[in-house]
Amino acid sequence: MSTSSPVGHATVLVWDIAVRVFHWSLVIAFAGAWLLAEDGGSLHQAFGYGVVGLVAFRIAWGFAGTAHARFTEFVPSPHSLLAYLRDVMARREVRHLGHNPAGAAMILALLLLLTATGATGWLQTTDVGWGSELLEEVHELFATTTLVFVGLHVAGVILSSVRHRENLVRAMFTGRKRAG
């Protein structure tokens, strides 16, 4: 179903409610875990387990969700990703209704990094990993790398929003994007 946006352009629902709630819940959970990293104790762990649960949901939704949420609809081949990145550098990239290839690659990278961060955090609570300084450092490295990738993700959203003259942050709240 199409409606009109405030500037009169027809819009289409792209991001379903599950994707939008997942996205903003993940922002809150990761930020909470990050901010409580040093002395957060059980609250840091709760946020971390929340992140892991959200990632597990998103992986399942990537197979069973709506069209634009499915991995089969947006995961690019290495060739198409490189071609898209070349087009971005040449300022001639095509607008995508759903995820563009760079955004899709970022989603996969973030899901992997968040999984690794959660796994190494959990391992520190087990007999195998309890008190391991190396494991703690690896966990911190994954978390910091995730934060860097979040920054790149935000930069990509801003770049794409400017280049294609659409507010992708608003779209992640409303679920709607310009149809054409």
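Trainee: How do the residues of the lining of the second largest pocket divide?

Mentor: They divide into 11 nonpolar, 13 polar and 4 charged residues. Keep in mind that this is a predicted model.

Trainee: How many residues line the second largest pocket, and which lie nearest its centre?

Mentor: The lining has 28 residues, and those nearest the centre are Ala37, His44, Gly121, Gln124 and His139. The volume of this second largest pocket is about 730 Å³.

Trainee: Which helix supplies the largest share of the lining of the second largest pocket?

Mentor: H2 does, with 7 residues. At least two lining residues come from each of H1, H2, H5 and H6.

Trainee: And how do the residues of the lining of the largest pocket divide?

Mentor: Here there are 30 nonpolar, 11 polar and 5 charged residues. The lining of the largest pocket has 46 residues, and Gly103, Met106, His153, Val154 and Val157 are those nearest its centre. Two or more lining residues come from each of H1, helix H4 (78-89), H5, helix H6 (133-164) and H7. H6 gives the most to this lining, 12 residues. The space in the largest pocket is about 1200 Å³.

Trainee: Now the aromatic rings. Why is the pair of tryptophan 24 and phenylalanine 173 called stacked?

Mentor: A pair of aromatic rings is described by the distance of the centres and the angle of the planes. To pair, ring centres must lie within 6.5 Å, and planes under 30 degrees apart count as stacked. For tryptophan 24 and phenylalanine 173 the centres are 4.4 Å apart and the planes are at 10°, so the pair is stacked.

Trainee: Is tryptophan 24 buried, partly exposed or exposed?

Mentor: Buried means under 20% relative accessible area and exposed means over 50%, with partly exposed in between. Tryptophan 24 has a relative accessible area of 25%, so it is partly exposed.

Trainee: How do you know whether leucine 114 counts as buried or exposed?

Mentor: By the cut-off of 20% for buried. Leucine 114 has 5% relative accessibility, so it counts as buried. Leucine 114 is found in helix H5. Of the 180 residues of the chain, 35% count as buried.

Trainee: What is leucine 114 in contact with, leaving aside its neighbours within four places in sequence?

Mentor: The contacts of leucine 114 are Leu26, Phe30, Val51, Val55 and Thr146. Contact means heavy atoms within 4.5 Å. Arginine 176, by comparison, is 62 residues from leucine 114 in sequence and 27 Å from it in space, C-alpha to C-alpha.

Trainee: Which residues in the largest nonpolar core touch the most other members?

Mentor: Leu26, Val51, Leu111 and Leu114 do, in a core of 13 residues. Two or more residues of this core come from each of H1, helix H2 (41-64), helix H3 (71-74) and helix H5 (101-123). Another core lies apart from it and has 6 residues, among them Val14, Val19, Ala69 and Ala171.

Trainee: What is the phi of arginine 91?

Mentor: Most residues other than glycine have a negative phi. Arginine 91 is not a glycine, yet its phi is positive, about 60°. Arginine 91 is placed in the loop between H4 and H5.

Trainee: Where does arginine 165 lie?

Mentor: Arginine 165 lies in the loop between H6 and H7. Its phi is positive as well, near 50°.

Trainee: How do you know whether arginine 91 and arginine 165 are buried or exposed?

Mentor: The cut-off for exposed is over 50%. Arginine 91 is at 63% relative accessibility, so it counts as exposed. Arginine 165 has a relative accessible area of 74%, so it is exposed.

Trainee: How many helices and strands has the chain?

Mentor: The chain has 7 helices and 3 strands. Along the sequence the pattern is β-β-α-α-α-α-α-α-α-β. The C-alpha atoms fill a box of roughly 55 × 30 × 30 Å along the principal axes.

How values were computed: Residues numbered from 1 in each chain as written. Predicted model: local features only at pLDDT ≥ 70, side-chain atom pairs only at ≥ 80, totals over all residues. Heavy atoms only, no water. Phe/Tyr/Trp six-rings, centres within 6.5 Å; stacked < 30°, edge-to-face > 60°. Buried < 20%, exposed > 50% of the residue type's maximum accessible area, 1.4 Å probe, protein only. Core = buried A, V, L, I, M, F, W, Y, C linked by side-chain atoms within 4.5 Å. Helix = DSSP H or I, 4+ residues; strand = E, 2+ residues; numbered from the N terminus. 1 Å grid on protein atoms, 1.4 Å probe; cavity = no way out; pocket = protein on both sides within 12 Å on 5 of 7 lines; lining within 4 Å. Points joined across faces, edges and corners; volume = space filled by probe spheres on them. Nonpolar A, V, L, I, M, F, W, Y, C, P; charged D, E, K, R; others polar.
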